[in-house]
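Subject: Handover of a structure, with notes

Dear colleague,

Please find below the structure that I am handing over to you. I would be grateful if you read the notes with the structure open beside them.

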Amino acid sequence: MVSNRQVMAMLDELVELTTLEEGSPQSFKVRAYERARRAVENLGRDLSALDQKEIQGIGGIGKSIAASIAEFCETGLVARQENLRSKYPPAFRELSRIPGLGPKTVKMIRRELGVESLDDLLAALADQRLRDLPGLGATSETKIARAVERLGLAGKDRRTPLVTALPIAETFRQDLSALEGVVAVEICGSARRFRSSVADLDLVVAADPARWSEVMRTVSSHPLVEETLLSGTTKTSVLTRGGLAVDVRVVAPSQLGAAMLYFTGSKAHNVRLRQLAMEQNRLLNEYGLFAQGEDRPEASETETEIYAALGMDWLPPEIREDTGEIEAAREERLPRLVSVEDIRGDLHFHTDRSGDGRSSPAQMVEAAIRAGMEYVAITDHGEDLAINGLSRAEMEGHRREIARLGERYPGIELLFGCELNIGVDGDLDYDADYRLGFDWCVASVHSHYDLAPRRQTERLLRAVADPAVSAIGHLTGRMLGRRPGIEMELDVVLEEMAARGVALEVNGALDRLDASPEVVRRAVAAGVMLVISTDSHHTTELMRMSYGVSNARRGWATAEAVLNTLPREKFMEVRSRRLSG
Ligand code: DGT
Ligand code: CA
Ligand code: CA
Ligand code: ZN
């Protein structure tokens, strides 16, 4: 049976393919697929239970896309998608994800230079063949080469961003969990450790051994799978159509903890644990922890039992990198990392008053209440963000609406906020006085990603120095796998933020995860407060909080380091103290 998630993956791929075909992400057809994808995302029912007429009745889905969805639900394939796939194979599609290479450009270099893959592109760059093409030049050649390098696209260590990999992992998890005899399906490897990119996915399935072959068959014949790379009785490796490798292992339920521990890694963490076991005359492997010469494990069913037997508390996967976590746990000085239950508020939050927001203020507030938030800062875009922002007059209407909502929902504190755009020289929206009228401002970079680090530093310092600014949003502006972030003198910026009491945002959007864990760790060390925010533009995006939390945990953040773990009264008090200087 086809899941809604699989339909969404199909529509995502059609967005990408059609962008190439039409030569623009703004084309009418591309937008129709995007609209349909959102409609499916927000649909509370299973698509596979509907016929074509009923699908067409869903708002946002037109006749021809409804037919494609019905075709997909029936056959697992869509003719249009198959045609485009053969026209634009995965190796070619990868090129269009490089910043500076739009769909028109990749098609031109294919036509003019025969560039079909990354290797071809690297060769063309090496021979300086791009600079003679219309619209390109030596500068664009350098930019493209640098983007390829910084995205880590070159060579064997090619990685897939978590934002692409996680939905695939979740699809396998759901589909395998539904099988008879399957007790648990756990996403392990670097995805569980929440690295922002993965080389491959690692899944561990605990199942009745009588059902193992059925599990392996289901993996190989999964609709997302292009090719089986390896198939055995307990391990199958497959390649998805998008080119991501997935390793699936089945184990007996009694061995689940040992397998999870082993396949979560990291390798360095595992090596240290095994050494530790050896020093205690024990053996640790993927089947369990064994006393010397024994066949029956001392511990194997849960990770907690194994860690306990080794003399430590369970370690959060996000910090299993051998950067001091094992010593800290053994000496009982491991900090208690922030968890999603600690979070009381969301401080970067949009409504449809921003051009890119998609739910009304009332819907967003109700969603925040459902998510258990005690306070939110509604931070729609300021006027400078050309297509999305609110003029001063619109902001005033918005202010009144938020005040009305505040009266209607006394259970939640609504802060009237703004996401200020940081201009090329650090200038901000509106004027200094007007900005001070907001309850909470997050200031973020949305343009000019290529300035020299010195200029980026100055730009940020100016924004940080503005008394209206409470937090810096998505610090580098990176889009994982698509756009490297800005480069700056990080320590200088963090020092200024600490001095002025400006918080650093950890943005929960999976394609941002900005600030990165490395920056989080340095920020906390520099005395900068953190805020973890969802940057939601729709009611379905509040769940990003858990991603932001995981990313902050990778940077060893505790609840005390995160401002929005404070209860409502305490938070309001701290905020007004800062405002009064
Ligand atoms: P990546 O590169 O993003 O796929 O990162 P991981 O950590 O998922 O690496 P992967 O897929 O090669 O292996 C998954 C886990 O399996 C790894 O985190 C630890 C474990 N593992 C793999 N190879 C070894 C090994 O040679 N020794 C030990 N102790 N563990 C290993
Ligand atoms: Ca992996
Ligand atoms: Ca692997
Ligand atoms: Zn935003």
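Predicted model: local features only at pLDDT ≥ 70, side-chain atom pairs only at ≥ 80, totals over all residues.

Residues are numbered from 1 along each chain as its sequence is written, chains are lettered from A and ligands numbered from 1 in the order in which they are written, and side-chain values use heavy atoms, with hydrogens and water left out.

**The calcium ions**

Donors here are N, O and S atoms within 2.8 Å of the metal, or 3.2 Å for Na, K and Ca; water is not among the atoms, so sites may look incomplete. Around the calcium ion (ligand 2), the coordinating atoms are Asp 200 (O), Asp 200 (OD) and Asp 202 (OD), at 2.2 to 2.6 Å. The arrangement of the six donor atoms around the calcium ion (ligand 2) is irregular because they subtend angles of 70 to 164°. For this label, four donors count as tetrahedral if all angles lie between 85 and 135 degrees; four count as square planar and six as octahedral if opposite donors are over 155 degrees apart and all others between 65 and 115; anything else is irregular.

Which residue bridges the calcium ion (ligand 2) and the calcium ion (ligand 3)? Asp 200 does, and the two ions lie 3.7 Å apart. Distant parts of the chain are linked by a pair among them: Asp 202 in strand S4 (residues 200–207) and Asp 247 in strand S7 (residues 245–251), 45 residues apart. Helices (H or I, at least four residues) and strands (E, at least two) are DSSP runs, numbered from the N terminus.

Asp 202 and Asp 247 are both buried. Buried means under 20% relative accessible area, exposed over 50%, and partly exposed in between (1.4 Å probe, protein chains only). Asp 202 counts as buried because its relative accessibility is 11%.

**The cavities**

Rolling a probe the size of a water molecule over the atoms shows where empty space is left. On a 1 Å grid over the protein atoms alone, a cavity is a set of points where a 1.4 Å probe fits but cannot get out, and lining residues have an atom within 4 Å of a point. Grid points are joined across faces, edges and corners, and a volume is the space filled by probe spheres set on the points.

The structure has two cavities of 30 Å³ or more. The largest cavity holds about 70 Å³ of space, and its lining includes Ala 258, Leu 261, Tyr 262 and Arg 274. Helix H13 (256–264), helix H14 (267–279) and strand S8 (282–285) each give two or more residues to this lining. The second largest cavity has a volume of about 30 Å³, and Asp 346, Phe 349 and Met 373 are among its lining residues.

**Helix H13**

Helix H13 is largely enclosed by the rest of the structure, because eight of its nine residues are buried. Among the buried residues are Ala 258 and Leu 261. Gly 265 follows H13 and has a positive phi, near 70°.

**Two loop residues**

Thr 558 is in the loop between helix H23 (544–554) and helix H24 (568–579). Thr 558 counts as buried because its relative accessibility is 17%. Glu 298 is in the loop between strand S9 (288–291) and helix H15 (303–309), and is partly exposed, with a relative accessible area of 40%.

Yours sincerely

Note on methods: 1 Å grid on protein atoms, 1.4 Å probe; cavity = no way out; pocket = protein on both sides within 12 Å on 5 of 7 lines; lining within 4 Å.
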